[in-house]
Amino acid sequence: MAAITPDNHRLRLIVRYTILTLIALIFVFPLVFMVMSSFKPDLQLLRDTSSFRAFLPVGDLSLDNYRDAFTRAPVATFIFNSVFVTGLTVLLSLLFCSLAAFSFVFLNWTGREVLLSIVLATLIIPFETIAIPLLLLVSQLPWIGWEGLELGWLNTYRVQIIPWIADGLTIFLFVQFFKDLPRDLIEASRVEGASWWQIYRRVVMPLSGPVIATAAILKFLVMYNQYLWPLIVVQQETYRPVMVGLGYYFQLNPAWGEIMAYLTVITVPVLAFYLVLQRAFIASIASTGVKG
Amino acid sequence: MASKLVTSNRAGWTFAFPGVSLLTLFIVVPFFFAFFLSLTNQRLISPNPTEFVGLDNYRDLLSISVLSIEPEVDDAGVVLRDADGNPKYPRVRTFTRNNPDYKQYAGMREWFRWHSGETAKVIVATDVVFWNSLRNTLMFVVVVAPIQDALALGLALLINQRLRGINVYRAIYFMPVVVSIVVVSLLWRFLYAEDGLLNSILGALSFGLFEGRDWLGSPDTALGAIEAMSIWQAVGFHMVIWLSGLQTIPPTLYEVSRIEGASKWQTFRYVTWPGLRNTAILVLIVITMQAFALFAQIDVMTNGGPLDSTTTLVFQAVERGYAKQDISGGSAISVILFLLVLTISLVQRYLTREK
């Protein structure tokens with residue numbers, strides 16, 4: 001761009017960065033406000049909203065809100081529940097969905113094509129449209145536990161985990177990825193006498209790092225942020241995850257500063273996780289765009 | 001391809017079975033179950049056996065009618081008027097409650113009305129709350145889908161330039177996406193409050209000219225406020241999808257248009273936009289599906305109020321199916337929602353098909 005003088009160039013850069021930064025402020029201001037307010041007593045928090053102080057760590061700062069939030073509600077239990085449910089679901093989902101995708105791509109069996117099209121067809125079903133019939137279904141499902149046969153899955157961990165293990169998108173992501181793996185590799189291992197399980201374990205999965213990361217991140221976001229499903233299937237505090245616990249906590253009429261402390265506790269770890277793995281997060285969302 | 005491989009039914013079924021059976025039990029079965037339940041009187045817990053009721057649930061939801069009401073007249077046939085000179089009308093309930101002459105309107109309530117001359121045209125429906133939820137859901141989709149789509153494209157174009165540190169901005173724009181919508185909703189409840197942050201900011205920006213309002217407390221602004229927040233939260237998601245679409249456009253095309261001396265707009269119109277076709281379809285369908293599913297924001301921020309101005313189809317499905325244990329009524333709304341989503345996706349696909 002020879003026509004542009006250095007001064008002109010610099011001005012354009014300044015304009016560009018200014019625009020980018022102003023937009024960035026729109027996206028961060030509520031989050032900054034949340035974190036800052038979590039350290040302030042309510043009186044000051046409300047007074048600060050009328051000025052820039054709302055976004056600054058100034059005044060009477062303390063961890064009191066955090067202490068109060070944790071004593072008012074079993075926040076630690078909620079966090080444990082969320083981490084447990086999310087972690088287990090992500091692991092089981094990766095295992096079951098990759099196994100199914102492996103079978104769809106590398107194995108030839110009767111019914112393969114019909115089942116694959118059913119799996120892909122489920123992509124157009126929003127969860128919200130099956131939540132109510134699923135609620136009735138899980139309220140009647142049997143389960144064999146420590147005390148023998150029981151009926152009904154409501155108010156358990158399993159009702160939050162098992163229905164979420166297999167989903168069309170995760171299977172689809174693995175199918176797309178497996179399709180691009182070199183076939184020769186599979187056939188060579190087969191010729192050498194490897195079993196299908198060994199090929200899955202030793203050949204395919206070690207090559208699948210990127211799609212595992214993508215599927216894990218998407219599942220993590222869905223599970224950790226889940227609201228509608230646990231809201232209708234879990235009424236007991238002991239099994240509540242953080243997001244539903246939040247609604248319940250809010251009804252206890254805590255101070256705003258306390259709410260901000262709760263919000264900060266359940267949000268900042270995810271944000272930190274995101275900032276560290278930023279590229280992987282963005283790549284995983286972008287890869288859902290392949291399904292057009 | 002797999003067809004070249006030896007048929008191995010045992011291994012194939014064993015590997016696919018766990019995933020496919022879970023997906024069938026928890027997605028496919030409830031999907032068909034919804035259609036079935038919507039034709040019954042099923043409740044979550046009930047001592048009475050479930051009965052097949054045909055299309056009754058749909059009739060209760062969808063019954064809607066126009067009622068023409070003439071103004072009241074006195075004995076001489078002169079129209080009665082109130083203090084402001086407006087004609088007086090008989091109350092709608094005189095038609096819809098125990099009136100043998102108007103059996104078809106029995107049990108209906110007024111949804112809204114307009115006037116044609118002196119005649120009042122009143123839209124009456126059996127389930128006014130359902131119609132409100134349908135209206136709000138469609139309003140939400142119609143507002144959010146195009147605005148969010150366009151803003152996401154704008155941001156993607158902005159981020160797609162070569163600048164030092166651009167990835168930092170990309171990361172920031174995307175940030176709200178990883179924050180739970182429940183957290184975002186509670187946070188914005190505070191921002192939208194009458195003494196909240198938004199009113200202070202708007203007041204400061206307009207040098208005190210702007211008078212604060214209770215954004216979520218008024219039927220005029222509540223849905224709009226939720227729409228704005230929802231766009232704020234999810235626009236980064238679609239920005240990233242647009243961005244990956246932008247990056248599939250070969251750089252040589254841009255080279256050529258630059259050599260040809262194309263303006264920025266021309267480059268966008270003739271190089272960028274045609275390359276984004278498939279992305280455009282995808283983004284539109286995904287946004288539409290997400291918008292139809294509107295629930296958490298409503299549940300956390302307004303509970304459907306004020307005056308049902310923010311209630312939505314999913315909120316009503318949950319309200320009935322879960323809170324009121326009316327599984328069949330909730331299922332009927334779910335089926336209607338699914339058919340709406342399906343129809344709109346098909347229409348979008350048809351309109352954007354390859355010509």
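**View 1. The two domains of chain B.** The C-alpha centres of domain 1 and domain 2 of chain B lie 40 Å apart in this predicted model, where local features need pLDDT of at least 70, side-chain atom pairs count only at pLDDT 80 or more, and totals for chains, interfaces and linings use all residues. Residues are numbered from 1 along each chain as its sequence is written, while chains are lettered from A and ligands numbered from 1 in the order in which they are written. Domain 1 of chain B covers 64-125 and domain 2 covers 129-351, with bounds that come from an automatic or database domain assignment.

**View 2. The two domains of chain A and the contact between them.** In chain A the assignment gives domain 1 as 1-72 + 256-273 and domain 2 as 80-252, and their C-alpha centres are 35 Å apart. Five residues from domain 1 of chain A and six residues from domain 2 of chain A make up the contact, where two residues are in contact if their C-beta atoms, placed from the backbone, lie within 7 Å. On the domain 1 side, helix α14 (residues 256-276) of chain A gives the most, with four residues; helices (H or I, at least four residues) are DSSP runs numbered from the N terminus.

**View 3. The crossing of helices α4 and α11 in chain A.** The axes of helix α4 (residues 75-106) and helix α11 (residues 209-224) of chain A come within 9 Å and cross at roughly 145°, the axes being lines fitted to C-alpha atoms over the stretch in contact, with angles running from 0 to 180 degrees between N-to-C directions. Residues of α4(A) including A:S82, A:V85, A:T89 and A:C97 meet residues of α11(A), among them A:I212, A:K219 and A:Y224. By class, this contact of α4(A) with α11(A) has 10 nonpolar, four polar and one charged residues, where Ala, Val, Leu, Ile, Met, Phe, Trp, Tyr, Cys and Pro count as nonpolar, Asp, Glu, Lys and Arg as charged, and the others, Gly among them, as polar.

**View 4. The side of chain A that touches chain B.** In the contact between the chains, 79 residues of chain A are in contact with 83 residues of chain B. Helix α1 (residues 6-37) of chain A supplies the largest share of the chain A side, 10 residues, and that side divides into 60 nonpolar, 15 polar and four charged residues. Apart from residues up to four places away in sequence, A:A100 touches A:I171 as well as B:F15, B:A16, B:G19 and B:V20.

View 5. B:A332 is placed in helix α14 (residues 327-351) of chain B and counts as buried because it has 30 C-beta neighbours inside 10 Å, a residue being buried if 20 or more other C-beta atoms lie within 10 Å of its own, exposed if 12 or fewer, and partly exposed in between. Leaving aside neighbours within four places in sequence, B:A332 is in contact with B:S38, B:N57, B:Y58 and B:L61. B:P47, in the loop between α1 (9-37) and α2 (56-62) of chain B, is exposed, with 5 other C-beta atoms within 10 Å.

View 6. Most residues other than glycine have a negative phi. A:N253, in the loop between α13 (242-250) and α14 of chain A, has a positive phi near 55° and counts as exposed, with 9 C-beta neighbours inside 10 Å. The phi of B:L307 is also positive, near 55°, and this residue lies in the loop between α12 (296-301) and α13 (313-323) of chain B.

Definitions and conventions: Helix = DSSP H or I, 4+ residues; strand = E, 2+ residues; numbered from the N terminus.
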